[in-house]
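Please look over the helix packing and backbone geometry of the structure below. A short report follows.

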Amino acid sequence: MMESQAEQTVENIYKDIERRIVASPPGLCPIDLLASFLKMSHAQSCGKCVPCRIGLGKLEKMLDLVLDGNADESTLDLIEETAKAVYDTADCAIGWESASMVLKGLEGFREDFISHINTGRCTFELNQPVPCRSLCPAGVDVPGYVALINEERYADAIKLIRKDNPFPLVCGLICEHPCERRCRRTMVDYPINIRGLKRFAAENAGDVHPPERGPLTGKKVAIVGGGPSGLSAAYYLSLMGHEVEVFESRKQLGGMLRYGIPNYRLPREMLQSEIDVILSTGVKAHTEVEIGKDIDLVDLKKQFDAVYIAIGAQTDKKLDIEGIDAKGVYSAVEILRKIGDDEYPDFTGKNVSVIGGGNVAMDVARTAIRANADKVSVLYRRRQDDMTALEEEIEAAVAEGCEIYDLFAPAEIVKDEDGSIKSVMIQPQIISEIRGGRPTPRKADKDVVEIPTDVLIIAVGQGIESKEFEKYGVSVQRGVIASMNTAELEGLSGFFAGGDCVSGPATVIRAIAAGKVAAANIDSYLGYNHLIDTDVVIPDAKLADRTPCGRVNMKEKPALERICNYDIAEIGMSKEEAMQESSRCLRCDHFGYGIFKGGRSEKW
């Protein structure tokens, strides 16, 4: 039966609502948002049962009383009592899930309910910053550099990015682009391809020199770890005028950017070009220096006024299954580390299995294809939909020939007479209850499956090597260094820590943000208040119509072509594509609430 015009229109309205929810920015009043969601849910009620028809309406009115300042704390008790009654007695999911949403709100932001009752507003000053900028951990001025790209001022775009992030090209290639998640352009069509535009600017800007270094302060800072967090802190501290020395245990700088991301995603020469810019500010680097072996942490503190520990998460996590000690079993960290020093594996004619479902698992699987493996299998205990790897990375791995066995957990490694791996026994799983926001797998009532394997690569997580730091009194809790919000280490004056060694394995942009935070707080600890700014002038917003337009997505070279080498696989935007994509920006920094507050941070 054909849909009526009314049905088609309502379906389009549903899609419009979905886009608006996706594009809702951070910083909204949580109670106002909760009330809006509740009203939308109530509108879907069939009205058959009293708890849903009447109860949800009562909850709406009580939430409005809170928002209008006409409630007291007894109202909260009544809201909770009513929501529990609706949850326990409603006939269908519309009623009980709506009530559950209210109960989650009472538990999750009760202080905001109380603040509304007592003061008429939330606990925080209402702030609706530009979503892309607020969701970037480093706070990069996204609308500003997108506007500069549209004006073909690529060098200025890079200068603006470097104010908050010294790795524009690296992030243009491999950032997980959280800035795109709530892009308001989604209300019109699709989010802006921010990462692709950043790469385009970096590749077309030419040599962009860093800002002039400030007057020397005579203060010395040691950075332990030459990864993205340590190098970011070094860059900003050096620009402030402090003497900075980086101590790296590997042969080369870059951390997991070099020793964790393959060349086909992040070419080494591109990474090195950005490291060279950082070193050009006066940063000194010492490689192949290990704390506890080549230099003592106590001696380091005697030589420097402050120490920033940014050792990353470069050790592998083990699997506790029978046969794990077989020959031919490797960790993903081990393989990628060797590749960072140009020691490439040769898997010619071998069956390679990879255990894991994150970006590292996809990296080693795609590397195995390029190392001439006969077959590459990815074994994952949850569904493919539950993989933590980026969707485009999973699609690329499959296109290149990787076979994904989802809902299979490794049960045993079978050895041959020589103690080498012969096969992996995998136990079928069934997806089950959702815990902590993710569906959990459990053992299915099926027989184990045997996967012939010559090489097994474990990619189930990473940890930190903290023994030498614990000896000095650095607090390590749950496998990571415990630091305060300021990056300071409690009880150890002059010591700071940040990046993956504090947060656990995270994204590159989060590591960069941690380095930026550490630089500001170390500068303050040293008795200064230097500001990092730029003289780049942002173009005025254009008063043009925003016609709906498709998003320019990034492409990769054909699979059969790219698997033959380690050359960069992704194809950058053309100028025509970049001009069109940058013109789609709605300039939230100028229009709407952005012009009043949160649109731009000119210095930090």
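## Helices H4 and H5

H4 and H5 cross in a left-handed manner. Left-handed means that the near helix is turned anticlockwise from the far one by less than a right angle. This is a predicted model, in which local features need pLDDT of at least 70 and side-chain atom pairs count only at pLDDT 80 or more, while totals for chains, interfaces and linings use all residues. Residues are numbered from 1 along each chain as its sequence is written, and side-chain values use heavy atoms, without hydrogens and water.

The axes of H4 and helix H5 (residues 93-108) come within 8 Å and cross at roughly 150°. H4 and H5 are therefore roughly antiparallel (angles over 145 degrees, on a scale from 0 to 180 degrees between N-to-C directions). Helices are DSSP runs of H or I with at least four residues, strands are E runs with at least two, and both are numbered from the N terminus. On the H4 side, the contact (heavy atoms within 4.5 Å) uses Leu76, Ile79, Glu80, Ala83, Lys84, Val86 and Tyr87. H5 brings Gly95, Trp96, Ala99, Ser100, Val102, Leu103 and Leu106. These residues divide into ten nonpolar, two polar and two charged.

## Helices H3 and H4

Helix H3 (residues 50-68) packs on helix H4 (residues 73-89) at about 160°, with the axes 10 Å apart. That makes H3 roughly antiparallel to H4. The crossing of H3 and H4 is left-handed. H3 contributes Pro51, Gly55, Leu56, Leu59, Met62, Leu63 and Val66. From H4 come Thr75, Leu76, Leu78, Ile79, Thr82, Ala83, Val86 and Thr89.

## Helix H16

Ala332, Val333, Ile335, Leu336, Ile339 and Gly340 are buried in helix H16 (residues 332-340). Buried means under 20% relative accessible area, with a 1.4 Å probe and protein chains only. These residues cover an arc of only 165° around the axis, which puts them on the same side of H16. The arc is taken from the directions from the helix axis to the C-beta atoms.

## Positive phi values

Most residues other than glycine have a negative phi. Glutamate 288 has a positive phi near 55°. Glutamate 288 sits in the loop between strand E3 (284-286) and helix H15 (297-303).

Leucine 407 has a positive phi of about 60°. Its loop lies between strand E9 (403-406) and strand E10 (408-415). At 22% relative accessibility, leucine 407 counts as partly exposed (between 20% and 50%).

Conventions:
Angles under 35 degrees count as roughly parallel, over 145 as roughly antiparallel, 65 to 115 as roughly perpendicular and the rest as oblique. Ala, Val, Leu, Ile, Met, Phe, Trp, Tyr, Cys and Pro count as nonpolar, Asp, Glu, Lys and Arg as charged, and the others, Gly among them, as polar.
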